[in-house]
Structures are given as structure tokens and as C-alpha cells.
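I opened the notebook to keep track of what I look up in this one.

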Amino acid sequence: MNKRYLVALDQGTTSSRAVVFNLEGHMLCAASREFPQIYPQPGWVEHDPMDILSSQIEALRQAVRQAEIDPAEIAAIGITNQRETTLVWERDTGKCVHNAIVWQCRRTASMVDELKENGYGDIIRQKTGLVPDAYFSGTKIKWILDELNLHEKAEKGGLCFGTVDSFLCWHLAEGSPHVTDATNAGRTMLFNLHTQDWDEELLQMLNIPRAMLPKVVDTAQVVGWLKEDILGVKIPIAALAGDQHAALFGQACFERGMVKNTYGTGCFMLMNIGEEFKLSQHGLITTLAWRLNGKPTYAFEGSVFVAGAAIQWLRDEMKLISSAAESEQVALSVENSGGVYLVPAFTGMGAPYWDMYTRGTLVGMTRGTGRAHIVRAALESIAFQSRDLFHAMVQDGGMESPALRVDGGASANQFLMQLQSDLIGLPVVRPKVLETTALGAALLAGLAVGLYDNLEETAAGWHAENTFNPKMKEEKKEKLLKGWHRAVDAARYWAKQEE
Ligand code: ADP
């Protein structure tokens, strides 16, 4: 039977998706299943592990059915997943001892403060590339072991920890392999990027026994075979990757200096920085881009907390627009924002500012300021924040970038993409397939089973659709940026006065 398709399982925070691609990287069909979010207390977020599993299997079956393909023609499956979300299950029964603790969950924030107070901050940063935070899996594992009094059982090898990739492999693959890939391992705060192994000192720091940890494999590698009862045939599961890492791969950012930005609720920007580990001076995270044939490639990662969310805010709270898409036409109905700047720091600001106390600020209004100016200022704020992140990456990486590759819901906004290109002075390129996370997982799986010989061949699966080239005069750009940074200063000043 001809192997003509690749399938990605994209297990996200609110839904599980399955996407069928042909070998040229064209998307045939996608299916998606939402599942409930569980909020046991303010700031706590959980998922029922069985919801994760069943929604993922249903999405897979539906996508294959809708694509009207013979499952025997699927060459390989790649899994990509919400990162850091933590599951612990019994080795002999596979039963989870607790709900999945989701990456957003803040229940271990005080544990992280304690680690920092005890001087672990710098050790964590040097070894894992991460800025210590409750997002990462390490403190979540400790919380489960402490809370349920399971240290002894874990010590004896009776428990397994896994992120979502690992959990899915255990349940979907024949023989239940206990594995995770290096990109996912790198989000636990327990994985040493230099040795590419779990780190003894970090394990001791959180009192987590090595016996419960999965074997760390490459990002593209056959880790097992899909159980026959799921699609009626056995198919190699050939890639595991955290979602942002898969997206960087799906954007074919294979060369040092290449950057992708995803414009969703927030923005996630990653830059390929090559094979050498490097730390940022601007509070960016250093993470694995991927690990292929045992060889790590690194990336800088930074995020904009409020991006598309500012547009949702205009729509839902301010009622200035009726849909996110309308923001474009409204912004273009005025020549400029009339000196208005919106700093949407609703929850503080991340890299390169790192100020958790800053709050949202609107400056520069006059009697002539109208709705269109404010809408325009909100879109501009997404481009300004992304520009500052991009600038920090280029500075810290010490390398030029050829272009910015974009995806995510708000990348549909032409005004925003043109402004982004103007502000970074480089082309902004939007690909045909905006499901870059799924595409990345599929291409990684294709690489693992030998459908592509090397990264150049893999890159042929990425197709550009729109390119936005910089048009703005340097003088105007400098003026806009100066105004934006003054607005950020004003927002920070406001927050400081409150302290
Ligand atoms: P997520 O995966 O974070 O849910 P999506 O990639 O689905 O996000 O993108 C949705 C976000 O993009 C929303 O916050 C929405 O406000 C914003 N958005 C969608 N379309 C547009 C548009 N045309 N212009 C500006 N923002 C948009």
C-alpha cells in the first residue's frame, strides 16, 4: 500500500485536533473536539485525563473518516501538545492518581518563590534555560506527590510522570512505552539542556525520584505503533514535540536567525539560535527548538501576554467592534491613531520589559479622539510588543534575521501584518497552511520514517502565501516607536506610584 499521508495529533489546552496532510504538506482535513476545563479554585486549572484521551481518539477517527482515506495509507503519526501540563499515573494499571494539572495553574506559585529564596533561581536558569515559574511541570509533580503522600510509591517505581505527549503515547501505542521527547522534557525544570538528561540536583531540589520519569527521546523518532483497535491498522508514532516547537518546525525555521510569531490570544515568538546554548539578557527563555539524531538545536522564546485578547476586549468589554475581523476596516478608516497609544498590560508585561505590576494604559487622547483611533491603537499595540520582542531576540542572538514567519488567528489581519513588517524593517511571511503546529508534527514524523532525507526536503512542505514588505519611512517608524516606548513608560510610572 502506498504511504501517502501524515497525520498530526495536536492536543491543545481547550481542544484536541487531528489533521491529515499529504506528503507535500498540503492539508486535507482537520477535526477538533473541545473538552471541559476544570477550575477547582481561583487560579487552579485541571483537565480530566480521560477527556484528553477520548477527545484525541475521536478527533483522529473523525479526521481520517472525513478525509476519506484508507488508514493503511498513513505513513506516520506525529504528536504535538500543550506543554508543561502534568500527569501522574500508576505504572501497573495506567490509572491517573490525579487530574492533569494544566500549565496555566498557579497552585505551586509559592513553591517557586521558595526555590528562588533558597538560591535555586540561577541554577535553574543555567541548567534548564528557563526562568523559574509555576508553569513548568516540576513543582506540579511535587505538589501531587506531597498532596497524595505518594513519595514512597514513586520511589519504588510504582508511578509514572508524563506531560501530555507522554501520556498519549502510553495509551495510544502498543506496549505502553513510557517516553517523552526532549522539547517536552525541557519544560519540566528538571531537564539539563547541557547533558540532555534529567538533572540529579534539580530532582533532589524538588524531591522527585528518577524512577517515575520517562525516557527522553529525540523529537523525530519512532516511539511505538498506534494500537490496531484505534484505526484498524498499526501506524508508527514517529514524532513528539511541544506545540511551540512543532510550530517553529512547521514554519520551516531551520536556519539560525529564523523566527516565527504566532498571533493568538497572546503571541508566542521563537527564534532558532542554532546548536549552541545561549542565555538571553532580556529575560527570554532558552529552550530546545528540537533534538534530531541526538543533536539539540536551541531557540529563544518570548511571549506577548495580551495580543488578540486586546481585540477581544474591544469587542466584548468596550463594544467598539462587533467582530475581531472588523478591527481591520475600522483601523483603516483613519490615517493614523491620532497620537493615541494603548498599552494592554492587563496582567503586567513579559519580555523584554518584565514588569508584573504594569497595568493597561491609554494615553495621548484629545477631544478629536474617536473609536477608530482606539481600535487602531489596539492593533498597533500587538505589532509594537512583537517588535520589541523581536528586537530583543536579534540583539541577544547576535545575529540577523531574514524575515518573520507568522501564523495564528490575528495574522489574518493585513493591516497588522503590514505594520509589523514596517516596524521590524523586514518581510513578514504568512504561509498557506496556518496550522503550523500540526504541520510541524506531521513533517517531523515524515522525517523520522524517512519520507524526507533532510531538513531541506522537509522545508518543501512549507509554502508561503503572502509576503508583507516594509514600506514605512524610517523617520515615521522612529517617531511611532518613540511614542510607544513613552506610553510604556507612562504605564510603568502609573504602576510604580501605587507601590
Ligand atoms: P488562540 O489559539 O490563542 O485561541 P487563535 O489563533 O484562534 O488564538 O486567534 C484568536 C485571537 O486572534 C483572538 O484573540 C482574536 O481576537 C484575534 N483575531 C482573530 N482574527 C483577527 C483579526 N482579523 N484581526 C485581529 N485580531 C484577530
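In which loop is the place of P352? I found P352 in the loop between β19 (341-343) and β20 (361-363); strands here are DSSP runs of E of at least two residues, helices are runs of H or I of at least four, and both are numbered from the N terminus. I checked the peptide bond from A351 to P352 too, and it is cis, with omega near 0°.

**Ground rules**

I am working on a predicted model, with residues numbered from 1 along each chain as its sequence is written. Local features need pLDDT of at least 70, side-chain atom pairs count only at pLDDT 80 or more, totals for chains, interfaces and linings use all residues, and side-chain values use heavy atoms, with hydrogens and water left out.

**Ligand**

I looked at the ligand next and got 14 residues around it, with T265, G308, Q312, G409 and N413 as the closest. A residue is near if one of its heavy atoms lies within 4 Å of the molecule. Sorting that shell gave me 6 nonpolar, 8 polar and no charged residues. For this sorting, Ala, Val, Leu, Ile, Met, Phe, Trp, Tyr, Cys and Pro are nonpolar, Asp, Glu, Lys and Arg are charged, and the others, Gly among them, are polar. Helix α11 (residues 308-316) supplies the largest share of the shell, 4 residues.

From G409, a backbone N or O atom lies 2.8 Å from an oxygen atom of the ligand. As for cover, the ligand on its own has 570 Å² of accessible area, and the protein covers 66% of that (Shrake-Rupley method, 1.4 Å probe; for residues, only the protein chains shown count as cover).

**Core**

I then went to the largest nonpolar core, which has 94 residues; L190 and M212 touch the most other members. A core here is a set of buried Ala, Val, Leu, Ile, Met, Phe, Trp, Tyr and Cys residues joined through side-chain atoms within 4.5 Å. Buried is under 20% relative accessible area, exposed is over 50%, and partly exposed is in between (1.4 Å probe, protein chains only). Helix α13 (residues 371-397) gives the most to this core, 13 residues. Why do I place the core between domain 1 (5-244) and domain 2 (252-499)? Both domains give residues to it, so it lies between them; the bounds come from an automatic or database domain assignment.

**Q251**

I looked up Q251 and found it in the loop between α10 (243-250) and β15 (259-263). Q251 is buried, at 0% relative accessibility. Its side chain makes a polar contact of 2.7 Å with the side chain of D407. A polar atom of the Q251 side chain also lies 3.0 Å from the backbone oxygen of V406. Polar contacts are pairs of N or O atoms within 3.5 Å; within protein, one must be able to donate a hydrogen and the other to accept it, and residues adjacent in sequence count only if both atoms are side-chain atoms.

**Helix α14**

Is α14 (residues 414-424) largely enclosed or largely open? I count it as largely enclosed by the rest of the structure, because 10 of its 11 residues are buried. Among them are F415, L416 and D422. At the start of α14, a side-chain oxygen of N413 comes within 3.1 Å of the backbone nitrogen of F415. Just after the helix, G425 has a positive phi of about 65°.

**Positive phi, not glycine**

I noted Q196, with a positive phi of about 55°. Q196 sits in the loop between β10 (191-192) and β11 (197-198), and it is buried at 16% relative accessible area. N207 also has a positive phi, near 55°. The loop that holds N207 runs between α8 (200-206) and β12 (215-217), and N207 is partly exposed at 40% relative accessibility.

**Last look**

I ended on S280, in the loop between β16 (267-274) and β17 (285-292). S280 is buried at 8% relative accessibility. Its C-alpha is 7.9 Å from that of M393, 113 residues away along the chain.
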